[in-house]
Amino acid sequence: MPQAAKTMTIEQRLEQGKRRKARRETLAGIAFVLPSFLGFVVFILVPVLMALGISFCDWNFLKGWGAIRFTGLDNYMRLFQDDWFRISFRNNILFTAVTVPVLLVLGLVMAEVINRHVYGGTVVRVLIFIPYIASIVAVCTVWQVMLQPSYGPVNQFLMSLGIENPPKWLVDEHWVMPAIMLINIWTQVGYYVAVYMSGLKNVPNEIYEAAAIDGANGVRQFFSITVPMVRPTTFFLAVMGIIGSFKVFDLISVLTSGGPGNSSSVMAYYIYKTAFLDFKMGYACALAWALFVVIFAVTMVQWHFQKNFSNE
């Protein structure tokens with residue numbers, strides 16, 4: 001009996017030690033997570049919930065908290081009557097519909113060419129990636145000079161080819177969005193190439209060798225092997241590209257400030273203008289939530305199609 005009691009005591013001590021160790025590990029995990037969690041709550045969750053509440057109010061934040069006036073759904077009903085909102089939303093759809101597919105196709109093609117046919121691909125990849133990491137203000141300034149209507153190098157080159165009245169680009173309401181799309185593609189393509197290059201590293205060379213033995217040329221290998229094998233990478237870039245295109249702000253703000261008129265306004269810039277230039281914080285929050293709903297819906301549709309592709 002004494003020996004059995006002693007054995008039970010040892011087992012209890014071992015169990016108690018395990019519980020104490022597990023408690024220490026739990027407390028250590030909480031200590032590591034807590035700063036990030038508090039940052040998320042203070043800087044993301046609370047502002048998002050506040051924006052939801054303010055979206056039902058009319059508030060000029062320069063007048064302080066006492067100026068908040070509850071208006072119900074008036075801000076959301078106003079969306080359907082706001083011409084600037086419709087133009088900004090239309091420009092965003094057009095911007096997304098053009099830039100994201102072009103970036104996906106161009107990024108994959110360039111990555112495939114660099115990966116399989118270019119000697120010293122690392123250097124080329126770095127050169128292509130530079131515009132992505134460059135200061136957006138510096139990039140926009142350079143492009144403003146390049147696209148200057150009268151003396152810019154682009155129009156000077158077009159006039160040397162015999163085009164008497166080249167586009168005025170950033171000051172022409174018909175050409176400003178194509179110009180901004182071109183600049184965005186130029187700045188973003190390096191990122192797409194880098195991500196696709198990482199995806200292509202996971203495609204075994206043996207598959208290409210077997211296809212070549214079977215008589216498949218480079219184009220057939222690209223569409224039959226490369227494109228299907230990098231589908232997860234394409235899905236990731238498509239989701240992030242669409243979300244990023246709906247949040248584009250810096251290019252618009254620096255290049256055109258939404259002009260000429262409102263011909264280059266997009267949702268993110270219109271939200272900024274409404275909140276910090278017109279001081280209509282309630283309506284700006286409603287615009288922000290409308291943008292969130294659109295991005296969320298588009299992302300859910302993409303996930304649905306990706307799930308269907310994965311099950312095939």
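Is Cys-57 buried or exposed in this structure? At a relative accessibility of 9%, Cys-57 counts as buried. Here, buried means under 20% relative accessible area, exposed means over 50%, and partly exposed lies in between, with a 1.4 Å probe and protein chains only. Those areas come from the Shrake-Rupley method with a 1.4 Å probe, and for residues only the protein chains shown count as cover.

Colleagues, a word on the basis of this talk. The model is predicted: local features need pLDDT of at least 70, side-chain atom pairs count only at pLDDT 80 or more, and totals for chains, interfaces and linings use all residues. Residues are numbered from 1 along each chain as its sequence is written, and side-chain values use heavy atoms, with hydrogens and water left out.

Let me stay with the cysteines. How many disulfides does the structure hold? The number is 0, where a disulfide is a pair of cysteine sulfur atoms within 2.5 Å. For Cys-57, the closest cysteine sulfur belongs to Cys-285 and is 9.0 Å away, which is too far for a bond. Cys-140 is buried as well, with a relative accessible area of 0%.

I turn next to the salt bridges. A salt bridge is a side-chain nitrogen of Lys or Arg within 4 Å of a carboxyl oxygen of Asp or Glu. By this rule, the count is 3 salt bridges.

One of them pairs Asp-58 with Arg-69, and their closest N and O atoms are 3.1 Å apart. Asp-58 belongs to strand β1 (residues 57-58) and Arg-69 to strand β2 (residues 69-70), so this pair ties together parts that are 11 residues apart in sequence. Helices (H or I, at least four residues) and strands (E, at least two) are DSSP runs, numbered from the N terminus. Asp-58 is partly exposed at 37% relative accessibility, and Arg-69 is partly exposed at 48%.

Another salt bridge joins the side chains of Asp-83 and Arg-86, at 2.0 Å from N to O. Both residues lie in helix α3 (residues 83-117), 3 residues apart, which is about one turn of the helix. Asp-83 counts as partly exposed at 45%, and Arg-86 counts as partly exposed at 41%.

There is also a salt bridge between Lys-273 and Asp-278, with the closest N and O atoms 2.9 Å apart. How do its two partners stand in terms of exposure? Lys-273 is buried, with a relative accessible area of 16%, whereas Asp-278 is partly exposed at 33%.

Which residues gather in a patch of positive charge? They are Arg-19, Arg-20, Lys-21, Arg-23 and Arg-24. Patches are made of residues with over 30% relative accessible area and no salt bridge; like charges are joined within 9 Å, and nonpolar side chains (Val, Leu, Ile, Met, Phe, Trp, Tyr) within 5 Å. Lys and Arg count as positive and Asp and Glu as negative, while His and the chain ends are not counted. The place of a charge is taken as NZ of Lys, CZ of Arg, CG of Asp or CD of Glu.

My next topic is the backbone. Most residues other than glycine have a negative phi, and most peptide bonds are trans. Against that background, a cis peptide bond joins Gly-259 and Pro-260, with omega about -5 degrees. Pro-260 sits in the loop between α11 (250-255) and α12 (267-277).

Trp-169 is not a glycine, yet has a positive phi of about 55 degrees. This tryptophan, Trp-169, is in the loop between α6 (153-160) and α7 (176-200), and counts as buried at 13% relative accessibility. Phe-279, also not a glycine, has a positive phi of about 60 degrees. Phe-279 lies in the loop between α12 and α13 and is partly exposed at 29%.

Gly-282 is found in helix α13 (residues 281-311) and has a relative accessible area of 0%. From Gly-282 to Val-139 the C-alpha distance is 33 Å, and the two are 143 residues apart in sequence. Val-230 lies in the loop between α9 (218-229) and α10 (231-246), and is buried at 1% relative accessibility. Val-230 and Val-123 are 107 residues apart in sequence and 23 Å apart in space, C-alpha to C-alpha.
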